[in-house]
2 protein chains.
Amino acid sequence: MNDPLQAYLADARSRQLAELMDWLRIPSISALPAHREDVHRAATWLADHLRQIGLEHVSVIPSDTHPLVRADWLHAGPDKPTVLIYGHFDVQPVDPLEEWETPPFEPTIKAGPHGEDLYARGASDDKGQIFIHVKAVEALLATTGRLPVNVKFIVEGEEEYGGRTIQEYVTRHVDELAADVALISDSHMLTPNQPAILYGLRGMWSAQVTVTGPAHDLHSGSYGGAIHNANQALCELLAALHDRHGHITVPGFYEQVRDLSPEERAALAQVPYGEAEILAETGAPALYGEPEFTVVERIGARPTLEINGMWGGFTGDGFKTVIPAQAHAKISCRLVPHQDPDRIEALVTDYLKRLAPPTIQVEVRTYHKYQPFLTPPDLPAMRAAARACRRTFGTDPVFMLEGGGIPIVSVFQEELQLPVVLLGFGLPDDNLHAPNEKFHLPNFYRGIATSIALLEELAAA
Amino acid sequence: MNDPLQAYLADARSRQLAELMDWLRIPSISALPAHREDVHRAATWLADHLRQIGLEHVSVIPSDTHPLVRADWLHAGPDKPTVLIYGHFDVQPVDPLEEWETPPFEPTIKAGPHGEDLYARGASDDKGQIFIHVKAVEALLATTGRLPVNVKFIVEGEEEYGGRTIQEYVTRHVDELAADVALISDSHMLTPNQPAILYGLRGMWSAQVTVTGPAHDLHSGSYGGAIHNANQALCELLAALHDRHGHITVPGFYEQVRDLSPEERAALAQVPYGEAEILAETGAPALYGEPEFTVVERIGARPTLEINGMWGGFTGDGFKTVIPAQAHAKISCRLVPHQDPDRIEALVTDYLKRLAPPTIQVEVRTYHKYQPFLTPPDLPAMRAAARACRRTFGTDPVFMLEGGGIPIVSVFQEELQLPVVLLGFGLPDDNLHAPNEKFHLPNFYRGIATSIALLEELAAA
């Protein structure tokens, strides 16, 4: 990094932070209708800001739900690659509000064990992280008058609310969004000094399962012992989906699961995360899951089937000796390459129906499906990201598999045919989707430097 | 029955019905605090009525919750037995109100397939049934100036709300309530022409089961596959409590269960109730339960374990891919002689704790316990009741085992050392605890005649 740029970044720190705090004050909760106008304000704030720092074709694109923000700078020349930068300016709801130590929309700086943290809803997920790239572009334009690559921004306002608008927009604007690589910062590093690049994300199939026994709730005194209890039948069905070692028992479930090569297992074994860390983070009494895989492999490289919610019968205070007519569960499978959500839907549904005894009926209604994602860590764009990390942090990044999903990633990969670089600057304890969300401020500043380095590396690649 | 008594009853019908309808208009819902005053009004109404027809020592006994009503007539002479008549004047809540075809507290007479039915909350359970005995006593006193036996009434106002007050009262007033036999009408006949006497009731142990995994809800993307999901663990525990033939698998669960003799099985086989009837009543797709027992035996003579309610994780609209920290179930066992609720509590609790893997913790908190009840059908009081049925209905009663429980029965048996005659005049389709509760009016009038006959038979026994 040249000296004027370094001097610029050093001078700009408190202004950059103040700007981010301004943006964080807008309670852009996409899931709550009462905040619809706030989501729009957050979009306008970003668009104004992008215009101000020198981006072009800036627009707030309305939709039935929440708007997108688009902008670009395309003067690097036709021989230079185009980078599509994605992020989101909507945030999760804040309940339970009483568990916040500082108000979620009054950004507050506190000293932490490794430096200052900024507490606010959206600080890490994802306003703080997308703002890293905005500030990188600003610094380059301000000090050199240009960017080393062509850049397009597409920033959405409903990632926490299904993300349908951007998925439709990308599908319909393939030419407008054409690029050579997509860059997303909506994930986390391992520690403040250990950068991480994701090369895989799990996909998803989720559904609601309903078991129906008798036509109406029954008195257990009058019918107990001769009519199958829907709660019991649901438990019997769901309990049959795992063996006692945590393997999923649905026939064919693992058929399409990619085998891990010895080299990949060796690399994943380098990720400094295991039983001690997960037990400390979760407070669970013991580790669970497939004994032949490590914790990192179970979370990143193996598919799961979870019962996210279930309910049936009398759940109030006191007691009602009812035999429920219906019982319900929300289940979801995290999928890994090369599992196909459609195939998993068919396998699990068929298995549940096959298991169902004649005493009840079972219905499976799909809620959501998206593909798992995998990208080779040795793609040129990934290698460029690794070099950028090394330049800024002085250490090689860890290549990780992430257990969660980012649905837009598969859309970029499939619709725009782009490699996707997932370079996150959050930390595992950032309290995403929970009270007291924070962003580690040293990561913010180093993130800006890393983003500048990455744009330079991509130009040279 | 003598002619003046028959003439009196024929003349009194419409007045007796009008009085019952008056009482039914009082919405004495014991479970809802808003109706506390109504429960008291129903008690006062009954006490006034009992005084008016000639009973003595009538009092409304207050309590912390709802009052009891007590009265007696003790002039039959020391050589005549004393009959303790029990019932309750409180009623179940009425929700869902929109499913009532006529307002629950505006008693409405409608023609049914076998005669007129009276629709109102409490019509059958239990105002209508206890009022049978009130009207029998009234008719005898009005026509003969006396009763053939000594009579004590104890009528409670919180049978549908735990019944604690009367249990404590009985325990503390053993001498005051001393009698030779207890008479309860809070059950049902098989058909309008087939009287039934219960000789057994199931007991109860109920508890709330809580499974705890991690210390807080987790994101299934970040932890799925390596932490045991509390919903899944609860399903696995509860599914292990029955085999696929409906037998309870808790070791020792059946140890204290009384064997049915061939004679008793032959007698129970005469009860005209089976697969066709239960499927028609419940709308269930198929019969469930222990194949080596008939439907009547499964419901009356076999113990059960039901999951009355369960819940865990995200149960709202939409989807949240959470790994829940806790999952809960309300379970209850219907017990048969000679099962001991304390022993069942220990067996089920121990078994659940033994089944629990190290990945979770399980807690079992008892909610309610009461003994099963069994009385020999050949006791003199039972034989007197059978003769009374034959005199009124022209047919012998069926001796049945009832799947539900009446907690006060064991209290009468154990604290007062009384045989208990359970002679019900409801019908299986009376919609107890449900919308459109009704009472079959021919049963009301024949019930009064049967009660008179029973008091006479007990005097002669």
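In which kind of crossing does H1(A) pass H3(A)? In this predicted model, H1(A) goes past H3(A) in a right-handed crossing. The two elements are helix H1, residues 3–24 of chain A, and helix H3, residues 127–144 of chain A, and they pack at an angle of about 140° with their axes 10 Å apart. Angles over 145 degrees would count as roughly antiparallel, so H1(A) and H3(A) are classed as oblique to each other. On the H1(A) side, the residues that meet H3(A) include A:Pro4, A:Leu5, A:Tyr8, A:Leu9 and A:Trp23. Among their counterparts in H3(A) are A:Lys127, A:Gly128, A:Ile130, A:Phe131 and A:Leu140.

From H1(B), the residues B:Leu5, B:Leu9, B:Arg13, B:Gln16, B:Leu17 and B:Leu20 take part. They meet B:Leu441, B:Phe444, B:Tyr445, B:Ile448, B:Ile452 and B:Glu456 of H13(B).

How do the two chains relate? The same surface serves both copies, since 100% of the contact residues of chain A recur in chain B.

In chain A, its buried residues are A:Thr165, A:Ile166, A:Tyr169 and A:Val170. These residues span an arc of only 125° around the axis, so they sit on the same side of H4(A). A:Arg164 and A:Arg172, on the other side of H4(A), are exposed. The cover over the buried residues of H4(A) includes strands E1 (56–61), E2 (68–73), E3 (82–88) and E6 (150–156), along with helix H12 (407–415), of chain A.

Over in chain B, the buried residues of H4 include B:Thr165, B:Ile166, B:Tyr169 and B:Val170. Their arc around the axis is only 125°, which places them on the same side of H4(B). B:Arg164 and B:Arg172 are exposed on the other side of H4(B). Strands E1 (56–61), E2 (68–73), E3 (82–88) and E6 (150–156) of chain B, plus its helix H12 (407–415), are what the buried residues of H4(B) pack against.

B:Ala329 sits in strand E13 (residues 326–335) of chain B. With a relative accessible area of 0%, B:Ala329 counts as buried. Setting aside residues up to four places away in sequence, B:Ala329 touches B:Ala207, B:Gln208, B:Val209, B:Leu234, B:Leu238, B:Ile307, B:Gly309 and B:Met310. B:Val58, by contrast, is 271 residues from B:Ala329 in sequence and 44 Å from it in space, C-alpha to C-alpha.

B:Glu363 belongs to strand E14 (residues 361–370) of chain B. Its relative accessible area is 39%, so B:Glu363 is partly exposed. Beyond neighbours within four places in sequence, B:Glu363 is in contact with B:Gln208, B:Val209, B:Thr210 and B:Lys353. B:Glu363 and B:Ile408 are 45 residues apart in sequence, and the C-alpha to C-alpha distance between them is 29 Å.

Note on methods: Residues numbered from 1 in each chain as written. Chains lettered and ligands numbered in written order. Predicted model: local features only at pLDDT ≥ 70, side-chain atom pairs only at ≥ 80, totals over all residues. Heavy atoms only, no water. Contact = heavy atoms within 4.5 Å. Buried < 20%, exposed > 50% of the residue type's maximum accessible area, 1.4 Å probe, protein only. Helix = DSSP H or I, 4+ residues; strand = E, 2+ residues; numbered from the N terminus. Arc of directions from axis to C-beta. Axes fitted to C-alpha atoms, helices over the stretch in contact; angles between N-to-C directions. Parallel < 35°, antiparallel > 145°, perpendicular 65-115°, else oblique. Left-handed = near helix turned anticlockwise from the far one by under 90°.
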